[in-house]
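Take a moment to look over the sequence and the model before reading on.

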Amino acid sequence: MHSERSGVVALKSSESNSRTGYVLHALVSFILVLLFAGRASAEKHPVPLDPKADPATCLQCHEDKTKGKSVHSAMAMGCMGCHEIRTNRDITHVKLITATPYKLCLTCHADKDASQLKGKVHPPAVRDCLTCHDPHQSDNKNQLKKLASGEKKDNLCLTCHTQGTNVDEKGSRHTALDSGCDTCHTIHKTGDRGKREFDFHLTKDAPALCADCHDVKDASLQKAHQGQPFGNADCLTCHDPHQSRTPKLMQAFLHDPFASKQCEVCHQPAKDGKVVLTQASAKELCVTCHSDKAEQIEKAKVQHPGAAGDCTDCHNPHAGRSPAFPKPDAVAVCLGCHADQAEQGKKHYVHQPAFEQGCAICHEPHGNDNVHLLRASTPNKLCLECHAPDRHPQKLESEHLVTIFDGKVKLPENYMARTPILPLEYGLGHPVERHPISDLVDPKDRTHVLTPLNCLTCHQPHSSSQPGLLVKDQANNMSFCQTCHKGMIGPKQPGQFSPVPAPKTGGPAAGGPPAGIGSLKGAQ
């Protein structure tokens with residue numbers, strides 16, 4: 001008994017020391033942040049100033065801030081429109097009148113507030129205007145630090161982007177890049193998520209954008225398309241607008257007959273300006289090669305009604321930006337029918353696979369045996385394919401891709417680098433240490449579930465109006481946790497019982513998993 005008490009005391013002492021160390025670490029970190037933040041936002045001024053100094057005083061040294069081809073209109077308000085002078089004895093600090101430059105910009109440019117805009121916002125415009133703009137003056141339009149054209153060292157956009165700078169020896173590069181990125185893009189343009197014009201901040205969508213330079217009646221262009229009608233086609237289904245590993249700006253993924261220029265496999269000569277296929281319908285043509293997909297669609301226990309139509313309802317027959325050539329892209333191909341999910345995409349926080357990569361990461365579009373056409377039999381197996389600490393995506397070096405779900409899903413090679421890993425051990429560890437993520441079962445009868453639990457208990461799979469994608473769009477705070485842990489969080493109320501202590505053997509107090517938790521690192 002004495003030994004057991006000593007062990008408990010030692011454990012409590014260890015936990016107390018751990019908490020004390022954590023608090024001290026957090027406190028030191030907080031102080032350092034304050035020190036550095038103060039230093040960054042209020043540099044010591046080289047000469048003493050009167051707190052009531054006027055702009056004329058500033059211009060004695062900073063006259064260059066008022067000269068340039070493009071001077072910020074705010075300069076007309078005077079320096080104190082954005083800055084303030086603070087003195088302490090003989091030390092002068094000059095700082096912004098707001099906590100951050102971004103907040104200062106929004107006092108005039110409220111229409112650029114990313115938190116209020118629909119759809120995708122250019123990342124620098126989310127929090128840091130000074131990445132692209134000089135706050136005082138510039139030789140470039142809109143006080144841009146550099147032009148949006150020219151070589152890498154001279155091009156503002158190429159500070160972050162690499163399009164057109166790393167073209168393969170056998171590849172191709174769009175000459176429009178030489179005219180400048182702003183030929184096709186308007187960076188602050190936003191709108192409904194899923195519409196290409198807004199997602200990529202285009203001046204207008206293709207094919208109208210392409211037709212500004214390329215005449216569809218040009219004889220050489222018609223010859224390149226084998227005499228097939230293409231005037232109303234979407235150029236970007238077959239062509240990459242920036243660069244390609246292959247000639248003619250071909251997209252990253254090509255249908256074999258198209259890649260090998262065997263157009264006659266699927267096409268007869270055009271008639272009266274219309275496409276004529278070698279089979280009576282597109283579906284009959286596709287199944288001559290893809291009979292396995294036809295069989296999957298027919299035999300699936302859970303069938304996808306959309307897969308019963310023509311293959312070209314969902315797939316482009318020539319090429320695409322992603323595997324299997326979904327059209328117009330891997331997200332919009334589904335949202336055309338699933339209007340309820342399209343509405344979900346309008347929320348401020350979206351799950352990246354669902355609304356940026358493609359629904360087919362999580363769902364099997366041709367049908368399978370799982371509810372909602374999920375690629376795994378349970379929600380946890382599905383989520384942990386990407387978020388487990390022991391995930392194992394397979395690399396396809398030659399294609400610059402990785403695969404998951406036994407090779408059934410192909411993703412960009414850097415995809416997993418942007419996917420958070422949960423610190424799970426023995427099925428515990430999210431959202432806090434030792435918190436379970438799967439069903440709690442009766443230790444005496446492991447077939448009896450005491451508390452059902454999986455990823456969808458707390459999270460929505462598609463989107464939310466709050467960070468964390470928590471259910472019912474709830475905020476990530478104690479109130480959310482208390483929906484399950486009533487009476488176990490916060491100050492104890494009079495007459496309230498403490499939670500039942502952990503058992504003496506097993507469970508957290510003994511260093512092992514709690515009763516009812518499986519032994520796998522990623523609970524399924």
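Is His 372 buried or exposed? His 372 is exposed, because its relative accessible area is 60%, and exposed means over 50%. Find His 372 in the loop between helix H13 (352-357) and helix H14. Its backbone deserves a look too. The phi of His 372 is near 60 degrees, a positive value in a residue other than glycine.

Keep in mind that this is a predicted model. How confident was the predictor? The protein chain has a mean pLDDT of 86, and 85% of its residues reach 70 or more. Helix H14, residues 379-387, has the highest mean pLDDT, at 97. Helix H1, residues 2-41, has the lowest, at 46. Residues 33-40 have a pLDDT below 50. Read both stretches with caution.

Now turn to the strands. Start with strand E14, which covers residues 401-404. In a regular strand, side chains alternate between the two faces of the sheet. Which residues lie on each side of E14? Leu 401 and Thr 403 are on one side. Val 402 and Ile 404 are on the other. All four of these residues are buried, and both faces of the strand are covered.

E14 has a partner on the way in. Strand E13 (residues 394-396) pairs with E14 in the antiparallel sense, over 3 bridges. Leu 396 has Leu 401 of E14 as its bridge partner. The two strands form a hairpin, with 4 residues between them. His 400 sits in this turn and has a positive phi of about 60 degrees.

E14 also has a partner on the way out. Strand E15 (residues 409-412) runs antiparallel to E14, and 4 bridges join them. Look at Leu 401 again. Its bridge partner in E15 is Pro 412. So far, then, Leu 401 has been linked to Leu 396 and to Pro 412. E14 and E15 form a hairpin too, with 4 residues between the strands. In this hairpin, Phe 405 takes a positive phi near 50 degrees.

Ala 324 has a phi near 75 degrees, and Ala 324 is not a glycine. Ala 324 lies in the loop between strand E11 (319-320) and helix H11 (332-335). Ala 324 counts as partly exposed, because its relative accessibility is 43%.

Two prolines bring another backbone feature. A cis peptide bond joins Ala 206 and Pro 207, with omega about 5 degrees. Pro 207 lies in the loop between helix H5 (196-199) and helix H6 (208-211). A cis peptide bond also joins His 430 and Pro 431, again with omega about 5 degrees. Pro 431 is in the loop between E15 and strand E16 (440-442).

Go back to H5 and find Arg 196 in this helix. Why does Arg 196 count as buried? Arg 196 counts as buried because its relative accessibility is 17%, and buried means under 20%. Leaving out residues up to four places away in sequence, Arg 196 touches His 201, Leu 202, Asp 205, Ala 206, Asp 234 and Leu 236. One of these, Ala 206, is joined to Pro 207 by a cis peptide bond.

Next, find Val 350 in strand E12 (residues 349-350). Val 350 is buried, with a relative accessible area of 17%. Which residue 113 places away along the chain has its C-alpha atom 4.1 Å from that of Val 350? It is Ser 463. Beyond neighbours within four places in sequence, the contacts of Val 350 include Arg 193, Phe 355, His 462, Ser 463 and Leu 469.

Finish with the cysteines. A disulfide is a covalent bond between the sulfur atoms of two cysteines. How many disulfides are there? The count comes to 0. Take Cys 337. Its closest cysteine sulfur, in Cys 314, is 6.8 Å away, so the two are too far apart for a bond. Cys 337 counts as exposed, at 69% relative accessibility. Cys 362 is in no disulfide either. The nearest cysteine sulfur to Cys 362 is that of Cys 386, 7.0 Å away.

How values were computed
Residues are numbered from 1 along each chain as its sequence is written. This is a predicted model: local features need pLDDT of at least 70, side-chain atom pairs count only at pLDDT 80 or more; totals for chains, interfaces and linings use all residues. Side-chain values use heavy atoms; hydrogens and water are left out. pLDDT is the predictor's confidence in each residue, from 0 to 100. Contact means heavy atoms within 4.5 Å. Buried means under 20% relative accessible area, exposed over 50%, partly exposed in between (1.4 Å probe, protein chains only). Two strands pair if DSSP finds at least two bridges between them. A disulfide is a pair of cysteine sulfur atoms within 2.5 Å.
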